[in-house]
Amino acid sequence: MIWLGIETANAPLSVAVVKDGKVMAEVVQNIKLTHSAGAMPAIETILANVGVKPNELDAIAVSEGPGSYTGVRIGVTLAKTLAWTLQKPLVGVSSLKVLAANAALFDGLICPIFDARRGNVYTAVYKGTKLDVVIEDYHDHIEGLLARLKALNAPILFVGTDVDVFWDKIVEVLGVNARRAALHEDLPRASAAILLASAEELPSIEAVHHFIPQYKRIAEAEANWLKEQKEKTHEQ
């Protein structure tokens, strides 16, 4: 079975091709190139490099969010377009879980973090090689997250390039229980998205139409619009 994996939920980009449980090729990069410009060329290049034609793919895995609104939207839109055009099943996996998979061997709790701006984060907590969910994916202020983590009273490994934004505060609250992942574990990998997706039952081709991103928070533009509508209602 041949999988294509797509990960664009945040600034890093990763694309992978996995055949029969083995990685044939993978691209992982964290450069200033928008996903709208870089994702499709990366897919075309990696398929050409491994000698796989698009119609030879059996399934597609995509990081479905949460994360950057634009990044998640681009990845999901691209994956849906490919899946429907090629008539292949599409499986979405949590972008936080994809990142946590880098540290699955850690003997403790794993906390991936994406910066959601203004002191907020997208986060979750997992445990063990099977990444059992301790705290489900959600959006919170860093102080709210740290209060929950402190109550767990256990070593916690923080994963992700955005951890550095909050690291001083994390150490201040959690002390010796705060652990930092190695630098090579901070970038999400599309091969991990495929690994997680391959454990799921393949959906029907028609399910592609109903596939939606998991933002875990409405976009700022939508939030502003709703606020404006509420204010107009009060004025009437």
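Five strands form an open sheet in the order β3-β2-β1-β4-β5, and the pairing is mixed. Strands here are DSSP runs of E, at least two residues long, and helices are runs of H or I, at least four residues long, both numbered from the N terminus. Two strands pair if DSSP finds at least two bridges between them. At the edges stand β3 (22-29) and β5 (90-93); each has a single partner strand, so one side of each is left without a neighbour in the sheet. On average, neighbouring strands of this sheet are turned by 15° against each other, direction ignored.

This is a predicted model: local features need pLDDT of at least 70, side-chain atom pairs count only at pLDDT 80 or more, and totals for chains, interfaces and linings use all residues. Residues are numbered from 1 along each chain as its sequence is written, and side-chain values use heavy atoms, with hydrogens and water left out.

Now look at β5. It pairs with β4 (residues 59-63) in the parallel sense, over 4 bridges.

Helix α2 (residues 69-86) lies across β1 (2-7), β4 and β5, and runs at about 170° to β4. Helix α6 (residues 190-198) packs on the sheet too, touching β1, β2 (13-19), β3, β4 and β5. The direction of α6 makes about 120° with that of β1. Contact means heavy atoms within 4.5 Å. Axes are lines fitted to C-alpha atoms, for helices over the stretch in contact, and angles run from 0 to 180 degrees between N-to-C directions.

R189 forms one with E26, the closest N and O atoms being 3.2 Å apart. R189 lies in the loop between β10 (178-180) and α6, and E26 in strand β3, so the pair ties together parts that are 163 residues apart in sequence. The rule asks for a side-chain nitrogen of Lys or Arg within 4 Å of a carboxyl oxygen of Asp or Glu. By this rule the count comes to 5 salt bridges.

Step back to the whole protein. It is divided into domain 1 (2-95 + 187-224) and domain 2 (96-180), with bounds from an automatic or database domain assignment. Their centres, taken over C-alpha atoms, are 24 Å apart. The contact takes 19 residues from domain 1 and 15 residues from domain 2.

How many salt bridges are counted between domain 1 and domain 2? The count is 0. Helix α6 gives the largest share of the side of domain 1 that touches domain 2, with 3 residues.
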